[in-house]
Amino acid sequence: MASEFKKKMFWRAVVAEFLAMSLFIFISIGSALGFSFPVVGNKTSTRSQDNVKVSLAFGLSIATMAQSVGHISGAHLNPAVTLGLLLSCQISIFKAIMYIIAQCLGAVVATAILSGVTSSLPNNLLGLNSLSEGINAGQGLGIEIIATFQLVLCVLATTDRRRNDVSGSAPLAIGLSVALGHLLAIDYTGCGINPARSFGSALIANNFENHWVNLLGWPNHWRSKCCPDL
């Protein structure tokens, strides 16, 4: 830990996580807040959200940030991914802690900026995750676990240095996995597969109702038990 603390490259990586996370949150949640008002019969209809648009925004922004800063920090951009890499012995405990702090700070800063930019939007919850009507906490937790599991599985599989059969773009594959998770979970929980992203919205909106569902939806300890050689 002491050797990492003194290295300039280490702190460069932590700052890269913070900046990339800030951009990711601003772009992705900003796309979710930018609701359109569809016109039906020459009259403006009710506010609606395009789940495909939001899912692609989250996925493409992750892919872009991973391509941009992956060579500096590894572009975790998600405490669940960082924890998965820690449990698979790819990073140190100190680096994992600093990365998670940087990710949470980046999410809070970006959400705070969005709060000012979108202050005129009515009922603006800043991308706050919440359970849909008819979905209880246990069901929401199950959705979050499955969605997060497939993301962490994709990250670990595409970045495994022991594999020589991986072709194509790893950032794009991870981005598509993020988009896939959102396509699954948005209608149930709002998709909180990124605990830092959920924390930023909950903190700035000052609403932590059912926030534990998003925090506990990290299946990485299951992965380390079930697939230790992945």
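## The largest pocket and its surroundings

Helix H3 gives the largest share of the lining of the largest pocket, seven residues. This is a predicted model, so local features need pLDDT of at least 70, side-chain atom pairs count only at pLDDT 80 or more, and totals for chains, interfaces and linings use all residues. Residues are numbered from 1 along each chain as its sequence is written, and side-chain values use heavy atoms, with hydrogens and water left out.

**The chain.** The chain has 10 helices and two strands. Helices (H or I, at least four residues) and strands (E, at least two) are DSSP runs, numbered from the N terminus. Along the sequence the pattern reads α-α-β-β-α-α-α-α-α-α-α-α. The chain holds 230 residues, and 44% of them count as buried. Buried means under 20% relative accessible area, exposed means over 50%, and partly exposed lies in between (1.4 Å probe, protein chains only).

Rolling a probe the size of a water molecule over the atoms shows where empty space is left. The largest pocket contains about 870 Å³ of space. Its lining has 44 residues, and Gly74, His76, Leu85, Gln90 and Thr159 are the closest to the centre. A pocket is an open set of points on a 1 Å grid over the protein atoms alone, where a 1.4 Å probe fits, with protein on both sides within 12 Å along at least five of seven lines; lining residues have an atom within 4 Å of a point. Grid points are joined across faces, edges and corners, and the volume is the space filled by probe spheres set on the points.

Which elements each supply at least two residues of this lining? They are H2, H3 (51–73), H4 (79–87), H5, H6 (137–158), H7 (170–189) and H10 (220–226). By type, the lining divides into 25 nonpolar, 12 polar and seven charged residues. Here Ala, Val, Leu, Ile, Met, Phe, Trp, Tyr, Cys and Pro count as nonpolar, Asp, Glu, Lys and Arg as charged, and the others, Gly among them, as polar.

**A nonpolar patch.** On the surface, Leu23, Phe26, Ile27, Val109, Ile113 and Val117 form a nonpolar patch with about 500 Å² of accessible area together. Helix H2 (8–33) and helix H5 (93–117) are the elements that give two or more residues to the patch. Patch residues have over 30% relative accessible area and no salt bridge; nonpolar side chains (Val, Leu, Ile, Met, Phe, Trp, Tyr) are joined within 5 Å, like charges within 9 Å. Areas come from the Shrake-Rupley method with a 1.4 Å probe, and for residues only the protein chains shown count as cover. Phe26 is in helix H2. Phe26 counts as partly exposed because its relative accessibility is 34%.

**Salt bridges.** A salt bridge is a side-chain nitrogen of Lys or Arg within 4 Å of a carboxyl oxygen of Asp or Glu. The count is two.

Asp160 is buried at 15% relative accessibility, whereas Arg162 is exposed at 61%. Asp165 is exposed at 53%, and Arg163 is partly exposed at 34%.

**Positive phi in two loops.** Cys191 is a residue other than glycine, yet its phi is positive, near 70 degrees. Cys191 sits in the loop between H7 and helix H8 (195–205). Is Cys191 buried or exposed? Cys191 is buried, because its relative accessible area is 1%. Asn206 also has a positive phi, near 55 degrees. Asn206 lies in the loop between H8 and helix H9 (211–216). Asn206 is exposed, with a relative accessible area of 64%.
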